[in-house]
Amino acid sequence: MKTETINERINSFEEFIHFVESLRNMENGKWELPIAEGKWTVRDIIAHIMLWDKYFLENAIRKIKLQQPLTSRHVNFDEFNNNAVQYGKTKDKDTLISETISYRREIIDHLTSIPRENYENKYVDEDGNHFTIKSYLDGFIPHDSHHKSQIEQYLNKP
């Protein structure tokens with residue numbers, strides 16, 4: 001299996017911006033309906049991704065760029081995701097999409113300005129766990145892909 005370079009990882013991570021931008025044309029009815037029985041809405045999924053981006057930007061990526069200690073720590077995923085869903089309900093589609101793109105762009109800006117040799121450096125979070133930029137990208141690129149696939153399947157249903 002081919003190993004992706006850092007630039008390829010960053011490009012993959014950045015591709016999500018174009019996908020989110022394309023959702024501006026989605027009718028509000030589809031935006032606010034569950035993608036399947038018992039599943040989130042597209043709005044919920046985008047809010048979920050946006051708040052994770054915001055969290056890692058503020059508590060890890062920006063800290064690494066500024067050479068400050070990381071403030072990230074283990075969070076209760078269910079609680080975090082529920083808060084994201086509630087947050088999404090307070091924003092209109094264009095605002096939520098703009099926020100999502102803004103946080104992702106800022107992450108990309110920081111990632112591209114960090115020396116490549118630092119991508120596998122082990123930074124320590126507030127819980128004492130190791131965080132690397134490479135593992136962050138390796139975790140969130142498939143996460144984005146999973147949610148993008150879900151949304152595309154939903155949008156392609158007759």
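Which residues does H110 touch, not counting residues up to four places away in sequence? I started my notebook with that one. This is a predicted model, so I'm reading computed geometry throughout.

**Entry 1: H110 and its helix**

I found that H110 touches L57, I61, R62 and K65, leaving out residues up to four places away in sequence. H110 lies in helix α5. Is H110 buried or exposed? H110 counts as buried, because its relative accessibility is 15% and the cut-off for buried is under 20%.

Next I looked along α5 itself. This helix has 21 residues, and I got 30 Å from its first C-alpha to its last, close to the 30 Å expected at 1.5 Å a residue. I listed its buried residues: K93, L96, I97, E99, T100, I101, Y103, R104, I107, I108, H110 and L111. The cover over them includes α1, α2 (28-31), α3, α4 and α6.

**Entry 2: α1 and F13**

Buried in α1 are I6, R9, I10, F13, F16, I17, F19 and V20. Among what covers the buried residues of α1 I noted α3, α5 and α6.

Setting aside residues up to four places away in sequence, F13 touches D53, R104, I107, I108, L111, Y136, L137, F140, I141 and D144.

**Entry 3: the core**

Which residues of the largest nonpolar core touch the most other members? The core has 47 residues, and the ones I wrote down are F13, L23, V42, I46, L111, Y136 and L137. I then asked where the core residues come from. At least two residues of this core are supplied by each of α1 (6-22), α3, α4 (77-88), α5 (93-113) and α6. The largest share is from α3, with 14 residues. I jotted a general reminder beside this: in soluble globular proteins, nonpolar side chains tend to be buried together.

**Entry 4: α3 against α6**

How do α3 and α6 run relative to each other, and at what angle do they pack? I read an angle of about 170° between helix α3 (residues 42-65) and helix α6 (residues 133-155), with their axes 11 Å apart. That makes the two helices roughly antiparallel, since angles over 145 degrees count that way.

On the α3 side, I noted V42, I45, I46, H48, I49, W52, D53, F56, I61 and I64 in the contact. On the α6 side are I133, Y136, F140, H143, D144, H147, Q150, I151 and Y154. Sorted by type, the residues of this contact are 13 nonpolar, four polar and two charged.

**Entry 5: Q150**

Q150 is buried, because its relative accessible area is 18%. Not counting residues up to four places away in sequence, Q150 touches I35 and I45. I also compared positions: Q150 and D127 are 23 residues apart along the chain, and their C-alpha atoms are separated by 32 Å.

**Entry 6: Q67**

Where is Q67? I found Q67 in the loop between α3 and α4. Q67 counts as exposed, because its relative accessibility is 75%. Its phi is near 55°, a positive value in a residue other than glycine. I flagged that since most residues other than glycine have a negative phi.

Notes. Residues numbered from 1 in each chain as written. Predicted model: local features only at pLDDT ≥ 70, side-chain atom pairs only at ≥ 80, totals over all residues. Heavy atoms only, no water. Axes fitted to C-alpha atoms, helices over the stretch in contact; angles between N-to-C directions. Helix = DSSP H or I, 4+ residues; strand = E, 2+ residues; numbered from the N terminus. Parallel < 35°, antiparallel > 145°, perpendicular 65-115°, else oblique. Contact = heavy atoms within 4.5 Å. Nonpolar A, V, L, I, M, F, W, Y, C, P; charged D, E, K, R; others polar. Core = buried A, V, L, I, M, F, W, Y, C linked by side-chain atoms within 4.5 Å. Buried < 20%, exposed > 50% of the residue type's maximum accessible area, 1.4 Å probe, protein only. Expected span 1.5 Å × (residues − 1).
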